[in-house]
Amino acid sequence: MKLLLASALTALFTAQACAADGEVAYPDGYRDWRHVKSMVIGEGHPLFDAFGGIHHLYANDAALEGYAAGQFPDGAAIVFDLLEAPGGDGAITEGARKVLGVMRKDSRLFPGTGGWGFEGFGGGDPGNRVVGDNAASACFACHTSQSDHDYVFSRPRD
Ligand code: HEC
């Protein structure tokens with residue numbers, strides 16, 4: 001009985017350590033999720049400083065339902081995987097990971113930012129949170145232009 005209780009407590013503690021209340025969990029296994037689209041942002045684009053490079057978007061199953069419905073359920077997660085995009089000799093290749101942007105829907109935890117939690121993991125490192133408490137100004141302010149699509153810019157395609 002003691003052992004049971006101890007392992008239940010350990011499980012609880014581990015779950016909380018992974019995503020403390022109000023924190024966006026690192027998206028484990030996102031490279032196995034559905035690829036939504038990719039885009040290259042080069043010099044001269046207004047967002048080059050922040051988002052220059054090549055990014056790929058990935059959606060989990062709940063987010064795929066959201067793309068289809070135009071409204072995303074709690075549990076939906078979308079990843080913005082941004083890599084350097086060195087070019088030359090007519091080719092653009094993938095370089096080092098710059099940041100892993102994440103949106104995770106949890107309307108209870110994130111009521112102030114459209115029900116979405118926003119986080120960035122610098123270099124893709126789960127321990128390097130670069131957004132923290134600044135989600136409203138650093139991320140959500142720009143995503144509000146998409147309020148008609150539940151704050152999501154990208155659209156599904158075949
Ligand atoms: C200046 C505007 C702007 C800011 C600031 C911004 N984003 Fe975005 N975000 C976009 C655009 C535009 C797209 C669509 C990109 C595409 O279609 O490939 C996007 C897409 C995304 C997506 C994929 C889902 C979607 O909306 O299509 C995620 C996840 C994301 N951003 C996370 C973040 C995070 C985390 C931050 C804060 C660090 C942030 N964004 C800040 C403009 C912005």
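The legends below describe close-up views of a predicted model and the ligand placed in it.

**View 1. The residues around the ligand.** Of the 20 residues around the ligand, those that come nearest are Lys37, Cys139, Cys142, His143 and Ser154, where a residue is near a molecule if one of its heavy atoms lies within 4 Å of it. The shell around the ligand divides into 15 nonpolar, three polar and two charged residues; Cys counts as nonpolar and Lys as charged. Residues are numbered from 1 along each chain as its sequence is written, and side-chain values use heavy atoms, with hydrogens and water left out.

View 2. A polar side-chain atom of lysine 37 lies 2.6 Å from an oxygen atom of the ligand, and a polar side-chain atom of serine 154 lies 2.5 Å from a ligand oxygen atom. In the side chain of histidine 143, an N or O atom is 3.0 Å from a nitrogen atom of the ligand. In this predicted model, local features need pLDDT of at least 70, side-chain atom pairs count only at pLDDT 80 or more, and totals for chains, interfaces and linings use all residues.

**View 3. Strands and a helix of the shell.** At least two shell residues come from each of strands E1 (34-41), E2 (53-59), E3 (77-83), E6 (97-105) and E7 (116-122) and from helix H4 (135-143), with helices (H or I, at least four residues) and strands (E, at least two) taken as DSSP runs numbered from the N terminus. H4 gives the largest share, four residues.

**View 4. Confidence along the chain.** The chain averages a pLDDT (the predictor's confidence in each residue, from 0 to 100) of 91, and 87% of the residues score at least 70. Over residues 9-18, however, the pLDDT is below 50.

Notes:
Polar contact = N/O pair within 3.5 Å; in protein donor to acceptor, adjacent residues only side chain to side chain. Contact = heavy atoms within 4.5 Å.
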